[in-house]
Amino acid sequence: PKVGEDFPSAEIDNWKLEVCGLVQSPLTLSLAEFQSLTPAERVWDTICVTGWTHPEHHWGGVMLATLLAVAKPLPEARFVRFLAYSNRGHDTSLPLDYALGHVLLADRVDGERLTLEHGAPVRTVCEGKYFYKSLKWVRQIELLAGDSLGYWERESAYHNNADPWLEQRYVVRPMDEDEFARRLADGNFEGAQAIMDGQFEQLRDGKRAAWNFQGATIKACDLSKADLRDARCYKANFTLTKFRGADLSGADFSNCDCEGADFRGANLTGADFQHAVLTVARFAHAKTSIRGAKFLLKDLWNEGLGEDERAFLLDQSRGAIIR
């Protein structure tokens, strides 16, 4: 297989599915053995934590309940952990009672076999949760007495319950107050990490600094109306962060993750968004200035940027530089 975040580890060439942990009859299945189990079809929405939804995906595969009926969970099993063929150790977990009725082990979507990029040969799909509770390239299903936080919950403070109707995206993870004060005084948030941190509202006080956010992870924070002219943000992660009405003129957002970020009403004159991830980012607003802002055409056509947003950025009268 190819190497990269969108592809699995090399071991998937010899794909097997293991069912282990608190079960009476551990299993190891080949793909042919997996596909010989009773098939199931489900029509479920795909809801991403960053704000986009794909309604009514038609999934095909085998229900988790069908597989576990063969493995026979022990009475003390309360949770189920799914582990992927992944170089980064991707995994996720769910309460067993919920998973039995809401998890499909899918090998097809919308009438087609899954591609490797989207989780082939088999992935999990979980109904009623944000999609990070669904796992590509599943290799192991482990039944546990206690819960085990998954990859995204450990690494990115994603909410363990992941209920989209309650908007359970993140667990609040603010920076230490003393660290924040030091970084604020220096204008240097390089490499910093913060989730839903209300301290960033202090950037609205009008004090200008040569802000440095390079490599930072600042998710679901509010930087609206901040003066961030010429800020250095290369390779930062601003997922779901608000920049509404901020002055971002000349700022470097190249190679940033701006999924779900809100730039409406901001001054983006001369800002650089080349190679940025713009999935469901928002720009379209009468007061948003994009004159001289730099974008790559391929980034505007990647999956997830809304048609209205794309039309706004491509409007030649607004003066963005599209390469």
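Q: How far is the sulfur of Cys 20 from the closest cysteine sulfur?
A: Let's start with the partner: the closest cysteine sulfur to that of Cys 20 is in Cys 126, and the gap is too far for a bond. A disulfide here is a pair of cysteine sulfur atoms within 2.5 Å. The separation is 19 Å.

This is a predicted model, where local features need pLDDT of at least 70, side-chain atom pairs count only at pLDDT 80 or more, and totals for chains, interfaces and linings use all residues. Residues are numbered from 1 along each chain as its sequence is written, and side-chain values use heavy atoms, with hydrogens and water left out.

Q: How many disulfides does a search of the whole structure find?
A: Cys 258 is in no disulfide, its nearest cysteine sulfur, that of Cys 256, being 5.1 Å away. For the whole structure, the search finds zero.

Q: Is strand β10 largely enclosed or exposed?
A: Strands are DSSP runs of E, at least two residues, numbered from the N terminus. Buried means under 20% relative accessible area (1.4 Å probe, protein chains only). In β10 (residues 138-144), five of the seven residues are buried, so the strand is largely enclosed.

Technical notes
Buried means under 20% relative accessible area, exposed over 50%, partly exposed in between (1.4 Å probe, protein chains only). Helices (H or I, at least four residues) and strands (E, at least two) are DSSP runs, numbered from the N terminus.
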